[in-house]
There are 2 protein chains.
Amino acid sequence: MTNSRPPLSTTPRTTLTRSKERGRTDRAELDAVLDAGLVCHLGVLLGGSPVVLPTVYGRDGDTLYLHGSTGAGNLRAALTGDISIAVTLVDGIVYARSAMHFSANFRSAVVRGRAVELIDPDERMHALRVIVEHSAPGAWDRVRQPNKKEMAATMVLALDLTEASVKVRTGGPKDDAADIETGGVWAGVLPLRQVWDAPISSDDLEPGIEVPQEVLDRTDMVSVPGR
Amino acid sequence: MTNSRPPLSTTPRTTLTRSKERGRTDRAELDAVLDAGLVCHLGVLLGGSPVVLPTVYGRDGDTLYLHGSTGAGNLRAALTGDISIAVTLVDGIVYARSAMHFSANFRSAVVRGRAVELIDPDERMHALRVIVEHSAPGAWDRVRQPNKKEMAATMVLALDLTEASVKVRTGGPKDDAADIETGGVWAGVLPLRQVWDAPISSDDLEPGIEVPQEVLDRTDMVSVPGR
């Protein structure tokens, strides 16, 4: 599927002007960053100035989905003009020999565009499935689906992924030659990683309900102690 | 220090309208979230629409510092009007008995306000120290300080933390009573945590330079194998 897609857009708005060597133009890299993140940061215009808010999301093909309560002013605001979302994964801190070369290893995607509100019930349901499956892969079919009341209280937005940029930094510090020559200062990377801990069953869960396989799979655990 | 501070602002822009029970008004909670994060998401107006970008930061008292190249259009844009920054830590995925009650446990801070560019050399140097120490506590005094050329190429912004909101979600799912009664569906939390892996010395590091104690302390390691 990836091979048939055009490369990432190179509109002036998404052409990197700084640290260009970190830019990625492969469409698959955008998908990889979006799929690896759990929460995105949504930027909307509110009262004439930008506000950034964390929210869960999901991706299907070239569309990113967001959702929220119909009463959420931020989602309403997101429909009044272009929005931006960013997903960032921090992979480590880069320790350099000089203060100004300290950095972070990261993968980030920034998307800009106009979101649309989904109206069609099937499209809305599909989007909610995509969002839930993004946070909790394999969970949708195991739990109660949204009912009419819940659907009526929920707003679902779709954002096209056409206008996006991806930046990735990996590897060690890029120190000045003079500092490397002087020596005597440790330089390297302290890698950072996200790990799932053992699942914690809800206090109000009745006895005898096992942790689903899809949850265990996420943790590389074969079992967890019962409640 | 915290006790003498006023509570978080309750301007209309930072008063939560959704999930108010997750709102925190203690100033110390804002500090805790900002201090726990590594990267913030900065929202600026660029060409009339918001763009969200990840960047490192630092906090000292009631001020958040950002920095970047003097050539960075995004930082220049940040000076033309109000900006917003958000810091979010995801602590787990909440698995519910119904799709619409899936959620994330998280700590997040959203700040809005007008950033100012620092001009005074001492203030600028202090801000850079705060930013580097945020990413790499204890490293500043161990490495080469910024020189005049580096300082000239660097833009430093300060953002007052007066107008901010903090949201925290903890605990298990809040399922509907009917779904709990029906039963048969696992519900709980899959906790997420960030861990530091063993430091990796730079390829160009000369032999005999040990990993600094401040780096080892971050990982709870007493030593790492030499290169």
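Let me begin with one residue, Ala77(A), which counts as buried because its relative accessibility is 10%, where buried means under 20% relative accessible area, exposed means over 50% and partly exposed lies in between, with a 1.4 Å probe and protein chains only. Please keep in mind that this is a predicted model, in which local features need pLDDT of at least 70 and side-chain atom pairs count only at pLDDT 80 or more, while totals for chains, interfaces and linings use all residues. Residues are numbered from 1 along each chain as its sequence is written, chains are lettered from A and ligands numbered from 1 in the order in which they are written, and side-chain values use heavy atoms, with hydrogens and water left out.

Ala77(A) sits in helix 2 (residues 73-77) of chain A; helices (H or I, at least four residues) and strands (E, at least two) are DSSP runs, numbered from the N terminus. Leaving aside residues up to four places away in sequence, Ala77(A) touches Val44(A), Leu45(A) and Leu46(A), contact meaning heavy atoms within 4.5 Å. Val44(A) is 33 residues from Ala77(A) along the chain, with 6.5 Å between their C-alpha atoms.

Now to the interface, to which chain A and chain B each bring 86 residues. The area buried between the two chains, that is, the accessible area (1.4 Å probe) lost on putting them together, summed over both, is about 7,400 Å², and carbon and sulfur atoms give 64% of that area. Pro50(A), Met100(A) and Trp186(A) supply 11% of what chain A buries against chain B, more than any other three residues.

What about charged pairs across this interface? The rule finds eight salt bridges between chain A and chain B, each a side-chain nitrogen of Lys or Arg within 4 Å of a carboxyl oxygen of Asp or Glu. One of them joins the side chains of Arg144(A) and Asp179(B), at 2.8 Å from N to O. On the side of chain A that touches chain B, strand 11 (residues 188-196) of chain A gives the most, with nine residues.

The chains also share strand pairing, which requires at least two DSSP bridges: strand 12 (residues 200-201) of chain A runs antiparallel to strand 11 (residues 188-196) of chain B, with two bridges, and Ser201(A) has Gly188(B) as its bridge partner.

Finally, within chain B, five of the six residues of strand 10 (residues 164-169) are buried. Strand 10 of chain B is joined antiparallel to strand 1 (residues 23-24) by two bridges and to strand 7 (residues 103-113) by six. Lys167(B) in strand 10 stands opposite Gly23(B) and is also the bridge partner of Ser108(B).
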